[in-house]
Amino acid sequence: NFAYTLKGCPVVVGHQDIEDRKDMEEKAVGYVANVDRCEMTGDWFADFVMFDEKAINKVNNGEVPYVSCAYRADLSTEDLTINNVEYKKRIIGGEMLHLALVKNPRYNGTDIWRNSCEDYFVGEGVLYNQKDNTMFGFKKVKTDLEQSTDYFFE
C-alpha cells in the first residue's frame with residue numbers, strides 16, 4: 001500500500017521541499033500516473049508524465065537519468081526477527097511525497113525509460129537500493145543453479 005501512494009505525486013528535478021499546493025505547482029515538472037509491481041521479478045515501476053520542456057531536455061541529455069523517491073515512513077518501534085535477522089525498526093507504512101529526477105540516486109536500477117510517444121515524455125523507474133535489495137522489502141539474491149535443472153516459464 002505504501003508504494004501505491006506514489007501515484008499522483010509530483011515529479012521534480014532533484015529532491016525538493018514542497019510546503020503546500022502552490023509550492024508543488026511551481027516545482028512540479030510532471031506527475032506520477034501509475035505505480036505497479038511485476039509479479040515475476042518483484043520490480044516496482046512508476047509511470048510518469050512530464051510537461052516541462054527544460055526538465056525533459058535534462059533527461060534527454062543525461063543530466064538526470066535516474067529517479068529517486070521522497071517519502072514519510074511510519075516505523076515500528078518493536079524489535080523483530082525475520083529470517084534470523086534482527087530489526088530495531090521497520091517500515092510498516094507511510095506516504096510518498098514526490099518522485100525526483102536525479103543524477104546520483106540512492107538506489108540502483110532506477111533508470112528512466114522513454115516510451116514511444118513523441119508528444120509527451122513518459123518514464124518508468126525501477127527501485128533498488130545499493131545493496132541489491134529492492135526498496136520495498138523484496139530481497140534480490142544471486143544463486144547458482146544446477147546445470148541439469150530445467151525451468152519453464154509461462
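Strand β7 gives the largest share of the lining of the second largest pocket, namely four residues. That lining is made up of C9, P10, Q16, D17, I18, M24, R72, E95, M96, L97 and H98, and about 190 Å³ of space lies in the pocket. A pocket here is an open set of points on a 1 Å grid over the protein atoms alone, where a 1.4 Å probe fits, with protein on both sides within 12 Å along at least five of seven lines; lining residues have an atom within 4 Å of a point. Its volume is the space filled by probe spheres set on the points, which are joined across faces, edges and corners.

All of this comes from a predicted model, in which local features need pLDDT of at least 70 and side-chain atom pairs count only at pLDDT 80 or more, while totals for chains, interfaces and linings use all residues. Residues are numbered from 1 along each chain as its sequence is written, and side-chain values use heavy atoms, with hydrogens and water left out.

**The overall plan**

Let us step back to the whole chain. Its secondary structure comes to two helices and eight strands, and from the N terminus the order is β-α-β-β-α-β-β-β-β-β. Helices (H or I, at least four residues) and strands (E, at least two) are DSSP runs, numbered from the N terminus. Of the 154 residues in the chain, 34% are buried. The word "buried" stands for under 20% relative accessible area, "exposed" for over 50%, and "partly exposed" for what lies in between (1.4 Å probe, protein chains only).

How much of the contact in the chain with a separation of 6 or more is between residues 24 or more positions apart? The share is 55%, where contact means heavy atoms within 4.5 Å.

**The nonpolar core**

The largest nonpolar core has 22 residues, and those with the most contacts inside it are L6, V11, V32, F48, M50, L99 and L101. Two or more residues each come from β2, β3 (44-50), α2 (53-60), β4 (66-75) and β7 (91-102). The largest share, four residues, is given by β3. Such a core is a set of buried Ala, Val, Leu, Ile, Met, Phe, Trp, Tyr and Cys residues joined through side-chain atoms within 4.5 Å.

Take L99 as a guide. This residue sits in strand β7 and is buried, with a relative accessible area of 1%. Beyond its neighbours within four places in sequence, L99 is in contact with L6, P10, V11, V12, V32, A46, F48, V67, S68 and C69. V11, leaving out residues up to four places away in sequence, touches K27, A28, V29, G30, Y31, V32, F48, L99 and L101.

Helix α2 holds A55, which counts as buried at 2% relative accessibility. Setting aside neighbours within four places in sequence, A55 is in contact with V13, V29 and M50.

The table lists some pairs that are separated along the chain, with their C-alpha distances.

| Pair | Separation in sequence | C-alpha distance |
|---|---|---|
| A55 and L101 | 46 residues | 8.6 Å |
| E26 and V12 | 14 residues | 9.8 Å |
| L99 and F48 | 51 residues | 9.0 Å |

E26, from the table, belongs to helix α1 (residues 21-27) and counts as exposed at 55% relative accessibility.

**Cysteines**

A disulfide is a covalent bond between the sulfur atoms of two cysteines. Here the rule is a pair of cysteine sulfur atoms within 2.5 Å, and the count comes to zero disulfides. C9 is buried, with a relative accessible area of 8%, whereas C38 is partly exposed, at 28%.

**A charged-looking neighbour pair and a loop**

R37 lies in strand β2 (residues 30-37) and counts as buried at 19% relative accessibility. A polar contact of 3.4 Å joins its side chain to that of E39. A polar contact is a pair of N or O atoms within 3.5 Å; within protein, one must be able to donate a hydrogen and the other to accept it, and residues adjacent in sequence count only if both atoms are side-chain atoms.Most residues other than glycine have a negative phi. In the loop between β5 (80-82) and β6 (85-87), N83 has a positive phi near 50 degrees. N84, in that loop too, has a positive phi near 65 degrees.
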